[in-house]
Amino acid sequence: MDLSDVFENLPDPGSYSFPDYTIPQGDPVMPIALTDAELDALLALYETFAAVDPTGIDSNPFLANTTEFLQQTFGAPAYRPDEQLNDDIATMLNDFADDLGGEGMGVADATPKHHQTLYFFLVSAKGYHTAPHLRFDPDPDAVETLYRIYQRVTEQDYYLKRPSTVLE
């Protein structure tokens, strides 16, 4: 499948909303089948994605120095949403790898946070790929794998992983 076909299928960020997973007595998860090859493809895509600097700070010393000066002057913390997303993706991939436990295939428990991370990973990959000032040419098969895993999560019903009872 072509990258434009995969990105075309994504829900519009302007109108998309995440389901409400709040359950008073337990941790909601969506169990999905996952293979080691799919996890490897996601890891390779993540490494390519994390290497992109969408702000230009890393490649522009003047911008980096100006940003640092403003942070020191006004005491504003250095917050970059792209770095937070990279951390969230790394955490999700580690969780999935732990769920597989070194096996070739298994069931991973995707949480509502993983659902959000998968969506933002896809949307950001689309943004990076279509931005004229960024050079992000991911492997189309890896993006398609990411989309398939995202679809599995959205199509899966959730259940309680650690249900609690009224007696606890």
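In this predicted model, helix 2 (36-50) and helix 6 (residues 140-155) bring their axes within 9 Å of each other and cross at roughly 115° (axes are lines fitted to C-alpha atoms, for helices over the stretch in contact, with angles from 0 to 180 degrees between N-to-C directions). Helices here are DSSP runs of H or I with at least four residues, strands are E runs of at least two, and both are numbered from the N terminus. Contact means heavy atoms within 4.5 Å. On the helix 2 side, the contact is made by Glu 38, Ala 41, Leu 42 and Leu 45, and helix 6 brings in Ala 142, Val 143, Thr 145, Leu 146, Arg 148, Ile 149 and Arg 152.

Then there is the sheet: 3 strands, open, in the order 2-1-3, with antiparallel pairing (a pair needs at least two DSSP bridges). Strand 2 (105-110) and strand 3 (159-160) sit at the edges with a single partner strand each, so one side of each has no neighbour in the sheet. Helix 6 packs on this sheet, touching strand 1 and strand 2, and its direction makes about 145° with that of strand 1. Strand 1 (residues 28-35) is joined to strand 2 by 6 bridges, and Ile 32 stands opposite Ala 108 in strand 2.

Asp 53 lies in the loop between helix 2 and helix 3. Asp 53 counts as buried because its relative accessibility is 15% (buried is under 20% relative accessible area, exposed over 50%, partly exposed in between, with a 1.4 Å probe and protein chains only).

Residues are numbered from 1 along each chain as its sequence is written, and side-chain values use heavy atoms, leaving out hydrogens and water. Local features need pLDDT of at least 70, side-chain atom pairs count only at pLDDT 80 or more, and totals for chains, interfaces and linings use all residues.
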